[in-house]
Amino acid sequence: METPAAPATQLAQRPIRHAPATRHHRGIYRFPVVRQLIRFTGVGIICTAASLALYALLRPWLGPQLANAAALILTSLMNTALNRRLTFRIAGQHRMARDHLHGVIVIAVALVITGGSLGVLHWLHPEATVADELWTTTLSGFLATAVRFTMLRHWIFRRARHI
């Protein structure tokens with residue numbers, strides 16, 4: 001009586017299937033977006049601290065809007081470079097200039113969000129302090145960060161979304 005199992009010669013001819021690259025991650029870490037969000041958060045903490053320090057340093061000389069713009073612009077190249085390398089694991093020179101150009105657009109969106117929040121703060125509370133401005137830019141920065149991650153993941157670095 002013959003068994004329903006395939007003969008050994010047929011088993012040897014079957015192609016070997018390799019597990020997906022994310023197979024070695026367990027639990028919630030098996031999703032690339034979770035790993036990217038964790039790395040993105042680390043980059044964000046570094047860039048936010050640098051941006052807030054620059055804002056506080058430049059605010060007395062430039063005023064709130066220009067200090068915010070200068071801080072965001074100065075940290076934008078660092079942010080794009082760190083996210084490119086650490087969050088989305090893209091190394092090398094290929095498309096680097098284009099990635100940074102697109103990163104400037106992403107920072108412009110963040111500037112509209114944070115600058116708009118400063119404008120609203122000063123419209124509602126004209127005698128706002130530097131501490132009020134820092135809180136406002138930090139809180140609006142959370143929204144800007146969510147927009148930035150979405151734009152980076154689905155537009156600029158979409159070629160590396162699944163890493």
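Author: What follows takes confidence, then a helix, then a pocket. The model is predicted.

Reader: Where in the chain is confidence lowest, and where is it highest?

Author: Where pLDDT is low, the predicted coordinates should not be read in detail. Here the chain averages a pLDDT of 82, and 84% of the residues score at least 70. Confidence is lowest in helix H1 (residues 8-13), with a mean of 52, and highest in H2, at 89. Over residues 14-20 pLDDT stays under 50, and the model has 1 contact for them beyond four places in sequence.

Reader: How far apart are the end C-alpha atoms of helix H2?

Author: A straight helix would reach 82 Å at 1.5 Å a residue, but the ends of H2, residues 32-87, are only 10 Å apart.

Reader: Where does H2 bend?

Author: At Leu62, by about 130°, with the proline Pro64 following within four residues. After H2 comes Arg89, whose phi is positive, near 55°.

Reader: Which residues lie nearest the centre of the largest pocket?

Author: Rolling a probe the size of a water molecule over the atoms shows where empty space is left. In this model the largest pocket has a volume of about 470 Å³. Of its 25 lining residues, Gly44, Thr48, Gly141, Thr145 and Arg148 lie nearest the centre. The elements giving two or more residues to that lining are H2, helix H3 (96-124) and helix H4 (130-156).

Reader: Which element gives the largest share of that lining?

Author: H2, with 15 residues. By type, the lining divides into 11 nonpolar, 13 polar and 1 charged.

Definitions and conventions:
Residues numbered from 1 in each chain as written. Predicted model: local features only at pLDDT ≥ 70, side-chain atom pairs only at ≥ 80, totals over all residues. Heavy atoms only, no water. Expected span 1.5 Å × (residues − 1). Bend = angle between axes of the 7 residues up to and from the residue. 1 Å grid on protein atoms, 1.4 Å probe; cavity = no way out; pocket = protein on both sides within 12 Å on 5 of 7 lines; lining within 4 Å. Points joined across faces, edges and corners; volume = space filled by probe spheres on them. Nonpolar A, V, L, I, M, F, W, Y, C, P; charged D, E, K, R; others polar. pLDDT = per-residue confidence, 0-100. Contact = heavy atoms within 4.5 Å.
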